[in-house]
Amino acid sequence: MAETDPSNARDQGSGQDRRTAAVPFRVLQLTDLHLFNAPAQRLLGQDTRRTFELVLARAQARHWPPDIIVLTGDLVHDSGRSAYRILRHRCDALGVPYYCIPGNHDRLDLLVGHLDAGAASAIRVVNAGAWDLLLLDSTIPNEDGGHLSDSVLAGLATHRSAAHGRPTLVFLHHHLQPLGSRWIDTMQVDNGTQALAELARNPRIRAVICGHVHQDAEQHSHGLRLLATPSTCVQFLPGSDDFALDTLTPGYRWLDLYPDGQLETGIERTDAYPDPLTFVSGGY
Ligand SMILES: [Fe+2]
């Protein structure tokens with residue numbers, strides 16, 4: 001299990017001085033960017049590079065600088081090298097340490113090779129002030145659904161038994177239990193119940209946070225707080241049996257981690273889409 005401290009990351013953030021007793025450690029989650037190799041390509045009418053820039057601009061206006069940015073998968077749409085390179089340059093320019101985990105649209109080898117070498121670890125621990133962040137790879141190569149491997153589950157148990165008592169957030173791409181939307185629930189973590197049982201054994205876990213479902217959601221299960229976060233591009237309609245788009249705008253999640261273990265979190269969205277949405281049935 002890899003362990004990292006953002007103070008050792010290649011991208012030095014400007015927010016290190018937040019780590020005082022009264023000031024929370026701030027994490028921003030950006031997810032499901034679906035960037036394309038070709039700038040002319042669109043996803044359901046949207047230029048995903050442009051929606052990502054709008055989300056970044058909103059974050060820079062409202063929650064800047066964070067201490068860490070976590071990008072939770074589907075960073076690119078069509079698994080291309082140039083999209084990863086573009087994202088690498090953009091993230092480097094932000095001046096904030098960032099960490100990536102893969103989603104079902106990602107190619108792990110390209111993500112590791114062009115964006116974040118640390119993503120090669122199926123589970124890694126990132127020190128976040130008084131907290132730990134656990135970043136899990138829930139992908140199955142060439143499949144849309146997710147799975148937590150035996151090594152990830154073993155890593156969770158190892159972290160649980162470590163006697164340091166640090167409050168913890170868990171990030172992964174796929175959702176662990178059904179959200180009530182039939183089409184996307186066929187693509188959740190297939191051993192979610194087993195994973196939830198393991199996570200529930202760790203009382204220091206304050207929340208388990210995913211992307212993948214392109215919507216803001218909160219559930220409570222096994223004594224755990226489960227959060228999902230909107231995409232930086234298009235949003236899926238909650239509660240829909242079949243694929244359907246929501247009109248809600250792109251967004252991100254902010255999380256303030258206090259040294260006493262208190263968590264404050266919320267969603268922030270852009271004011272509008274830059275282009276009209278293309279409503280289609282059947283998927284994306
Ligand atoms: Fe996605």
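Buried residues make up 45% of the 284 residues in this protein; a residue is buried if 20 or more other C-beta atoms, placed from the backbone, lie within 10 Å of its own, exposed if 12 or fewer, and partly exposed in between. The model is predicted, and local features need pLDDT of at least 70, side-chain atom pairs count only at pLDDT 80 or more, and totals for chains, interfaces and linings use all residues. Residues are numbered from 1 along each chain as its sequence is written.

**Overall fold**
- The protein has 6 helices and 14 strands, which are DSSP runs numbered from the N terminus (helices: H or I, at least four residues; strands: E, at least two).
- Its radius of gyration, taken over C-alpha atoms, is 17 Å, close to the 19 Å of the globule rule for 284 residues, so the protein is as compact as a globular protein of that length; the rule is 2.2 Å times the number of residues to the power 0.38.
- The C-alpha trace spans about 50 × 40 × 35 Å along its principal axes.
- Of the contacts with a separation of 6 or more, 72% are between residues 24 or more positions apart; two residues are in contact if their C-beta atoms, placed from the backbone, lie within 7 Å.

**Nonpolar core**
- The largest nonpolar core has 68 residues, and L136, V170 and F171 have the most contacts inside it.
- Such a core is a set of buried Ala, Val, Leu, Ile, Met, Phe, Trp, Tyr and Cys residues joined through C-beta atoms within 7 Å.
- Not counting residues up to four places away in sequence, L136 touches I101, I123, L148, V152, V170, F171 and L172.

- In strand β5 (residues 123-128), 5 of the 6 residues are buried.
- Strands β5 and β6 (residues 131-136) run antiparallel and are joined by 6 bridges; strands pair if DSSP finds at least two bridges between them.
- V126 has L133 as its bridge partner in β6.
- Between the two strands lie 2 residues, and G129 takes a positive phi near 65°.

**Two buried loop residues**
- H105 is found in the loop between β4 (98-101) and α3 (108-114), and counts as buried because it has 20 C-beta neighbours inside 10 Å.
- Beyond four places in sequence, H105 touches H34, D74, V76, H77 and S79.
- P167 lies in the loop between α4 (150-161) and β7 (168-171), and counts as buried because it has 21 C-beta neighbours inside 10 Å.
- P167 and W131 are 36 residues apart along the chain, with their C-alpha atoms separated by 5.0 Å.
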